[in-house]
Amino acid sequence: MQTDTHKRPKLGALDLAIKYGFLALLVGLVLFFSLFTEGFASPYSAVFIFQSVSITGILALGVTATLVVDGFDLSIGSVATTALMLSSYVLVVWEMSAFAAVVACLVMGAVVGLINGFLIVKMRVPDLLATLGMMFLLVGLQRIPTQGRSISTGMTLPDGRVTEGVFPPEFLALGRHRFDFFIDRLIPVSVVVLLVIAFLVWVFMEKTRHGRLMYAIGSNERAAELAGTNVNRYKVLAYVISGVLASIGGILMAARLGRGDIASGNNLLLDSVAAALIGFAVLGAAKPNAFGTIVGALFIGILLQGLTMMNAPYYTQDFVKGAVLVVALVFTFALSRRGGGH
Amino acid sequence: MKLSRRLFLGLATSAMALTSGIASFAGEMPAPFDKASDVKIALVRYLSTGDFFQAYLSGVETQAAALGVDLRVFDSRQDAALQADMVDQAIALGVDGIVIQHGLTESMQAAAQRAIDAGIKVVAFDVNVENPAIPQVEQSDRDLARLALEQAIKDNGTSFKAGYVYVPGIAPLDRRDETWVKVKAANPGIEEVAVFGTLDNPIANSVANQARSVLQANPTITVMFAPYDEFAKGVKIAVDEAGLTDQIDIYSADVSTADISAMREPGSAWAATAATNPAVVGEVSVRTLAMLLAGETVEHNVIVPPTLITQKMLLDGDIKNMADLSAKLPQFAHADVSVPAWMPLPKR
């Protein structure tokens with residue numbers, strides 16, 4: 001089976017299904033909701049879908065980067081919520097600028113990535129365990145400065161002082177400004193950020209030597225090492241990418257919410273991992289890839305948008321999310337047992 | 001031996017100084033509060049993360065300090081079995097009274113009974129332990145919903161299209177839902193065109209995504225009933241993003257400093273909220289326990305009444321945060337519940 005699919009010049013039905021099945025499903029879903037839900041087929045609706053998945057999409061690209069080197073980052077959800085709290089803290093309590101808040105978050109994301117990489121590469125802690133530890137650490141750490149309170153303008157600090165800092169308009173614009181695109185004020189900043197990051201990650205992974213080496217590490221670490229690749233450096237790089245992307249997600253969330261909400265970020269983690277795994281099935285890639293990850297995120301976004309518009313309660317949405325993931329995994333592992341990372 | 005006696009003397013004098021200090025403005029306190037520092041009480045919590053629970057704890061702490069009693073806090077962090085064990089720990093510690101804050105009836109009922117059997121006075125907040133000897137402190141969720149909906153009807157008349165945010169199975173939300181169902185039945189002109197809701201955190205962000213879809217599907221909605229402030233925050237983000245700020249009014253329950261600033265934004269869609277001050281609920285819980293310890297009789301249901309807070313009140317009173325709210329709306333800062341003449345109140 002492995003060889004004859006490659007030899008055959010024309011694609012069989014199964015190959016077609018593997019390659020385009022998921023995209024066809026996506027188109028079918030859009031058609032279904034457009035026909036049966038009033039207001040689904042509109043440019044606004046399309047933008048909502050992109051907006052609702054922009055943060056999980058950015059996190060999912062981070063997950064993709066770690067999956068490429070055969071790693072895993074459980075800490076991204078809590079990195080995002082830590083960035084949410086950190087940016088709020090810098091703005092509201094320290095009364096610093098939007099620029100400072102963004103830089104602080106990016107640095108925090110990179111440092112967390114470095115520590116994760118250090119634990120995994122130098123301390124030889126298995127990736128799941130190292131990032132699990134980091135996840136708990138961050139969930140606790142983000143609450144220590146405010147003693148578990150959410151951060152908002154005019155809040156009372158544990159020492160009784162009332163804060164003077166505000167979320168400056170240029171920071172809130174990151175979550176609220178919309179660019180004109182045929183229609184006035186249509187496309188939110190977060191969607192543009194998602195698309196730019198997706199493009200950059202795609203170019204880096206697919207078109208540069210570094211990206212190809214990372215895939216090589218993921219499929220056979222030992223072989224890559226023997227071929228002279230600095231495996232450790234690329235692994236650390238993958239976790240740094242993941243941490244920085246997660247912190248960008250957190251910044252966008254803070255700008256949208258306009259406050260630092262206490263949250264564990266577990267839902268963010270699960271949704272973005274689901275998007276990245278669904279991405280395996282897109283175009284029969286059977287490996288982590290940036291394009292697939294974005295399609296996976298959109299797939300979930302479209303389903304949730306459509307179901308919400310049809311008044312489906314939240315538990316059916318979790319059910320459907322799970323069903324999509326299972327189907328995608330079947331596509332990846334049972335139907336396309338060839339090439340890829342296996 | 002000498003050391004311990006000296007220590008005891010020191011403690012006793014400082015306790016006397018403390019009680020006499022309080023006595024000067026609160027009158028004589030009945031036993032056992034004449035030696036308040038010997039009284040040990042425990043707070044056994046099920047839920048602790050979030051602004052509401054932080055504020056509740058601060059209320060418990062300030063009222064315990066005003067009484068001069070020794071407060072121990074046990075925090076089970078949403079572990080029902082651990083919470084029951086913690087009640088047993090408190091019993092073993094020899095406390096005089098226990099406040100049970102949230103939890104599950106199934107796990108807490110037997111534990112609460114064990115405490116009663118050990119001669120300990122118990123008060124329960126927002127968890128029904130099904131025990132006639134244990135007063136139930138409640139913030140009245142039905143009243144919260146009623147106040148918010150009455151304001152919605154006052155502002156919008158008795159016929160409008162409404163979106164409703166609800167997640168079933170959460171006790172306070174279920175109680176608020178009862179009121180919504182009643183109000184809908186009493187006003188057939190109110191049409192509920194969409195129900196949605198999620199507790200995926202950050203809740204406001206997830207609800208905003210849902211609300212965007214709902215507004216797109218139902219452009220005729222004019223009222224959003226979001227009886228939990230995290231829901232209301234999410235709906236407000238969606239309404240602003242959809243550019244429907246002028247068309248839609250949001251009515252909610254609960255309040256925080258962040259909510260106040262969201263309601264005060266120019267032209268904000270968030271019209272009103274009804275809230276009980278969680279710190280006051282904490283104070284009432286401790287006062288009720290103190291009354292039991294002093295041998296007074298207490299109603300089985302101790303209800304802390306909510307306050308209606310409208311956008312207009314906030315703007316007119318220039319109320320920017322919770323401290324302003326307590327200062328400008330005295331009914332929010334203090335509930336006249338469980339206040340016998342001898343009860344010392346926290347300083348404000």
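What radius of gyration would a compact globule with 348 residues have, and what does chain B have? The legends below, which describe a predicted model, start there.

**View 1. The overall build of chain B.** A compact globule with 348 residues would have a radius of gyration near 20 Å, and the 22 Å of chain B agrees with that. Along the principal axes, the C-alpha atoms of chain B fill a box of roughly 80 × 45 × 35 Å. Look for 13 helices and twelve strands in this chain. Of the 348 residues of chain B, 51% count as buried. Take the contacts in chain B between residues at least 6 apart in sequence: 74% of them join residues at least 24 apart.

**View 2. The buried side of helix 9 in chain A.** Helix 9 of chain A spans residues 209-219, and its buried residues are Met214(A), Ile217(A) and Gly218(A). They sit on the same side of helix 9 because they cover an arc of only 100° around the axis. As a friendly reminder, an α-helix has 3.6 residues a turn, so residues three or four places apart point the same way. The partners of these buried residues in chain A are helix 3 (43-68), helix 8 (189-207), helix 10 (221-226) and helix 11 (231-257).

**View 3. Leu245(A) and its surroundings.** Leu245(A) belongs to helix 11 of chain A. This leucine is buried, because 29 other C-beta atoms lie within 10 Å. Leaving aside residues up to four places away in sequence, Leu245(A) touches Ile58(A), Leu59(A), Leu61(A), Gly62(A) and Ile197(A). Gly109(A) is 136 residues from Leu245(A) in sequence, yet their C-alpha atoms are 7.6 Å apart in space.

Note on methods: Residues are numbered from 1 along each chain as its sequence is written. Chains are lettered from A and ligands numbered from 1 in the order in which they are written. This is a predicted model: local features need pLDDT of at least 70, side-chain atom pairs count only at pLDDT 80 or more; totals for chains, interfaces and linings use all residues. A residue is buried if 20 or more other C-beta atoms lie within 10 Å of its own, exposed if 12 or fewer, and partly exposed in between; C-beta atoms are placed from the backbone. Helices (H or I, at least four residues) and strands (E, at least two) are DSSP runs, numbered from the N terminus. The arc is that of the directions from the helix axis to the C-beta atoms. Two residues are in contact if their C-beta atoms, placed from the backbone, lie within 7 Å. The radius of gyration is taken over C-alpha atoms; the globule rule is 2.2 Å times the number of residues to the power 0.38.
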